[in-house]
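Thanks for coming. I'll take one structure today and go through its pocket, its helix packing and a few backbone details.

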Amino acid sequence: MKPETLVIGFVPSQDSDTIADTVQPLADRLSEELGIEVKGQVMTSYNSLVEAMGANQVHVGFIPAFGYVLANEQYGAEVILKSIRYGSGTYKAQYLVRSDSGIDTLEDLEGKIWAYPDKGSTSGYLFPASQLMKKFDYASAPELETEFFSNTVQAGGHDTAALAVLEGDADVATTFDDVRTELEEEHPNIMDELKVIGYTEEIPNDTISVTKELDEELVQQIKEVFLSFNDDKEMIKIMNEVYNWDSIDEATDAEYQVVKDTYQEFKDDIEL
């Protein structure tokens, strides 16, 4: 299918209004290059982006690894590109606590309050939950949440999860590495006030994925336009402002197998 208006969906990893303003020039440029109207849409959650792609209300998704796996399994969405940050196609999740909390190890988190962005977040929830379940021998995510932690806070974004710890509303936040740099402007001492006590294994970077119904020729054009941004400082600056992308590279479904395997461990326990 070739839609009259191509809709690109974004997840709320930070303030939604900020993302909406930042992506407008991106939508305008794509529209110019593709010769059709392009609209950027910031979704309310990771899952709402997956569902919107399933319903063909969003045709192209800037979607993290776990969201891609869901969109691929449920609706046949296809990954075409991935982000590169600091020269790498992978990253880690981190565990953030207050520096004055007395919490130094993952073992110290027992009985504490856990803030995570969203259950659809690869680094914010899926990989840390999987790591903690293995480490402390919990059979399911709900058991981990209710028996290991005293409470949980679904914060909505990685920045808000970190702020929940900074402000004393939670003891630990799981976020991408390193969310603190995004908060330094408003909270100049955050690197000192919050410390990292651990990391997960490597996670594949977020994707640009398309719905399976989208016209193949159009998909190829979209891919080429995005890859051309690597030689365009202005566009890479926009990608960096939205999601800290330094460059864009081609991607295949096979690269996301580690996320598929992790998801299978407790897919029945995650209600999105």
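Let me start with a question: is Arg180 buried or exposed? Arg180 is buried, because its relative accessible area is 10%. The cut-offs here are under 20% relative accessible area for buried, over 50% for exposed and partly exposed in between, with a 1.4 Å probe and protein chains only.

Before going on, some ground rules. This is a predicted model, in which local features need pLDDT of at least 70 and side-chain atom pairs count only at pLDDT 80 or more, while totals for chains, interfaces and linings use all residues. Residues are numbered from 1 along each chain as its sequence is written, and side-chain values use heavy atoms, with hydrogens and water left out.

Back to Arg180, which sits in helix H7. Helices (H or I, at least four residues) and strands (E, at least two) are DSSP runs, numbered from the N terminus. Setting aside neighbours within four places in sequence, Arg180 is in contact with Leu96, Ile190, Met191, Leu194, Lys195 and Val196. Contact means heavy atoms within 4.5 Å.

Next, the largest pocket. It holds about 510 Å³ of space. To define that: on a 1 Å grid over the protein atoms alone, a pocket is an open set of points where a 1.4 Å probe fits, with protein on both sides within 12 Å along at least five of seven lines, and lining residues have an atom within 4 Å of a point. Grid points are joined across faces, edges and corners, and the volume is the space filled by probe spheres set on the points.

Strand E3 (60-63), strand E5 (90-91), H4, helix H7 (180-183) and helix H10 (233-243) each give two or more residues to the lining. By class, the lining has 12 nonpolar, 11 polar and 7 charged residues. Ala, Val, Leu, Ile, Met, Phe, Trp, Tyr, Cys and Pro count as nonpolar, Asp, Glu, Lys and Arg as charged, and the others, Gly among them, as polar.

Beyond its neighbours within four places in sequence, Arg85 touches Asn205, Asp206, Tyr243, Asn244, Trp245 and Asp246. Tyr86 lies in that loop between E4 and E5 as well, but it counts as exposed, at 72% relative accessibility. Phi of Tyr86 is near 50 degrees, a positive value in a residue other than glycine.

Now helix packing. Helix H4 (residues 122-136) and helix H5 (residues 141-148) pack at about 75 degrees, with axes 10 Å apart. Axes are lines fitted to C-alpha atoms, for helices over the stretch in contact, and angles run from 0 to 180 degrees between N-to-C directions. H4 and H5 are therefore roughly perpendicular, a label for angles of 65 to 115 degrees. On the H4 side the contact uses Tyr125, Ala129, Leu132, Met133 and Phe136, and on the H5 side Ala141, Leu144, Glu145 and Phe148. That contact has 8 nonpolar, no polar and 1 charged residues.

The other pair is H3 and helix H11 (residues 257-265), at about 80 degrees with axes 9 Å apart. H3 and H11 are also roughly perpendicular. Among the residues in contact are Phe66 and Leu70 of H3 and Val259 and Tyr263 of H11. The contact of H3 with H11 divides into 6 nonpolar, 2 polar and 2 charged residues.

Two helices are mostly covered. In helix H2 (residues 46-54), 7 of 9 residues are buried, and what covers them includes strand E1 (5-10), E3, helix H3 (65-75), helix H6 (158-166) and strand E12 (207-210). In H6, 8 of 9 residues are buried. Just after H6, Gly168 takes a positive phi of about 85 degrees.

The peptide bond from Asp177 to Asp178 is cis, with omega near 5 degrees, and Asp178 is in the loop between strand E9 (172-176) and H7. Asn56, in the loop between H2 and E3, has a positive phi near 60 degrees.

Notes: Angles under 35 degrees count as roughly parallel, over 145 as roughly antiparallel, 65 to 115 as roughly perpendicular and the rest as oblique.
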